[in-house]
Amino acid sequence: MHYDIESFVDIAKTFLRHDQIITEKEGLSHFSYDATEIRSIPHVVVLPESTEEVSKIMRCAYDLEIPVTPQGGRTGLSGGAIPVVGGIVLSLVKMNRILEIDTKNLQIVVEPGVVAADLQGTLKGYNLFFPPDPSSTVESTIGGNVAENAGYTRAVKYGVTRDYILGLEAVLPDGTIINVGGHTVKNVTGYDLVALITGSEGTLAVITKIICKVLPMPRIRRTCIVYMDDLIGAGDFVVSIFEKGITPCAIELMDNYCINCVADYLPSGEALRRDAEVLVLVEIDGHHEVAIFDEAKDIIDLANKNRHTIESRLAKDEMEAEKFWRIRRDTLPALKAKGKDHLEADVVVPRYKLTFLIQAIKEIERSHIVKIATFGHAGDGNLHVTIQYRKGNFKETEDAYTVLEEVYKKTISMGGKLTGEHGVGITVKNYLNLQMSKEEIELMKRIKMAFDPKGLLNPKKVFPDHL
Ligand SMILES: Cc1cc2nc3c(=O)[nH]c(=O)nc-3n(C[C@H](O)[C@H](O)[C@H](O)COP(=O)(O)OP(=O)(O)OC[C@H]3O[C@@H](n4cnc5c(N)ncnc54)[C@H](O)[C@@H]3O)c2cc1C
């Protein structure tokens, strides 16, 4: 496809500085990929510093009919930020100011390019926190988190990103600036456009300002680690915590293969129970020491009453809690260190079905040649499935894709969904019809058309190629 990039660059130069426009090959290559490592080189990258500049860029691209791909920290795991048809990459990383911290209303206003960890660091000084804090916190941006409706380990108690977004300023594909929602906690005037744009993966509008709720930082947290010898037993343990009336802020789970990969990867690996079938990490937080102490004790009691528990431990201090968390955080790097190619699924089922899904996936693995690792957020039924296959091995590659489809089908048959937090992007789009009816996909297409009649904003994402 030929785009009139020369005219775009000439016009962009009238309102952007030289260093806000990248056209040389080396610079473009940096913006050609995200965490999926799939690559596609854009024709030009622009780095606006204000909403007005975003609006002018969008208007110009609209007139010249050049596609635009918004980008944040490029940590996406479904390829949403990759400029698959070339054109313009609109990187929001220079719009990175925290504009307001309103301690009276517990609200903040931020630009989209603020890095998640920087925001958390600033809020800490006010004894506040923004609960949505994905594991990619040191690189991902708030704009990207909103566009993906990101989840995180503490979603089981605090909800997902969408639950904290009160208002958005956004730029439509033709350059129109809109302000939806606002500073009120309640607002049922008209359709909920804030909720619609949140999670729309950069396909409806470019987010340029975000009004979010924040919460007081919990004063106390306790972390427990439980090793168990049976998957379904682990599922029962997770459910028993909720039945006891406790809502932990995180319940993470990893299977035996993940435990062993982390044990190989970590210098302190020998401290992990390699024989355990499952590792469950439970964390509770709150403001009252006695209440948290009692809940922690209850959780350890529940673990010890479960006949499948091999070992349970309550972290004695923050340092030990951090050691427990490191096991979970290093799971993905540990799997990658095995040096294989991999496909990842981010499926989600109702909480109690999670361990049954893992069991079904182990069953799938038995009739295939690839290796499957499962870990994830047991508290909200969100499972990350990593299918490993040898690089360049045609048979294993083919097998991995067959397994991926079987995992998706099994998830749907259990009342689950294709993606819990990583989004559809390009990696899940061709499986969309396993979950959604033709009519539902058509309705989404009509919404896309209403925002983006020329189909220029983040094209070839979310919708299946064949529809
Ligand atoms: C190590 C690692 C850990 C991760 N952990 C988690 C996790 O715990 N939970 C989770 O949910 N995800 C996780 N992810 C995935 C990823 O970090 C999230 O999807 C994150 O929200 C992406 O943010 P980003 O700034 O990197 O966005 P990008 O990857 O740059 O973009 C993601 C999508 O958002 C769009 N976009 C970006 N900015 C804007 C904007 N301003 N306006 C409109 N659209 C925009 C892009 O077009 C793209 O479709 C992880 C990824 C990695 C690599």
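Residues are numbered from 1 along each chain as its sequence is written. As the model is predicted, local features need pLDDT of at least 70 and side-chain atom pairs count only at pLDDT 80 or more, while totals for chains, interfaces and linings use all residues.

The protein chain contains 16 helices and 18 strands; these are DSSP runs numbered from the N terminus, with helices being H or I of at least four residues and strands E of at least two. The C-alpha trace spans about 70 × 60 × 45 Å along its principal axes. For 467 residues, a compact globule would have a radius of gyration near 23 Å, and the chain agrees with its 23 Å; the radius is taken over C-alpha atoms, and the globule rule is 2.2 Å times the number of residues to the power 0.38. Of the 467 residues, 46% are buried. A residue is buried if 20 or more other C-beta atoms lie within 10 Å of its own, exposed if 12 or fewer, and partly exposed in between, with C-beta atoms placed from the backbone. Among contacts with a separation of 6 or more, 73% join residues 24 or more positions apart; a contact requires C-beta atoms, placed from the backbone, within 7 Å.

Helix 10 covers residues 289-305; its 17 residues should span 24 Å at 1.5 Å a residue, and its end C-alpha atoms are 24 Å apart, which agrees. The expected span is 1.5 Å times one less than the number of residues. The buried residues of helix 10 are E295, A296, I299, L302 and A303. Seen down the helix axis, these buried residues fall within an arc of 125°, so they line one face; the arc is that of the directions from the axis to the C-beta atoms. An α-helix has 3.6 residues a turn, so residues three or four places apart point the same way. The buried residues of helix 10 pack against strand 12 (220-228), helix 8 (231-243), strand 14 (278-286) and strand 15 (309-314). On the other side, E289, V290, N304 and K305 are exposed.

The ligand is surrounded by 36 residues, of which G72, G76, G80, G144 and G202 are the closest; the shell takes residues whose C-beta atom, placed from the backbone, lies within 6 Å. Strand 3 (68-71), helix 5 (142-148) and strand 10 (206-213) each give two or more residues to this shell, and helix 5 gives the largest share, five residues.

H466 lies in the segment after helix 16 (438-451). H466 is exposed, with 7 other C-beta atoms within 10 Å.

Notes: Two residues are in contact if their C-beta atoms, placed from the backbone, lie within 7 Å.
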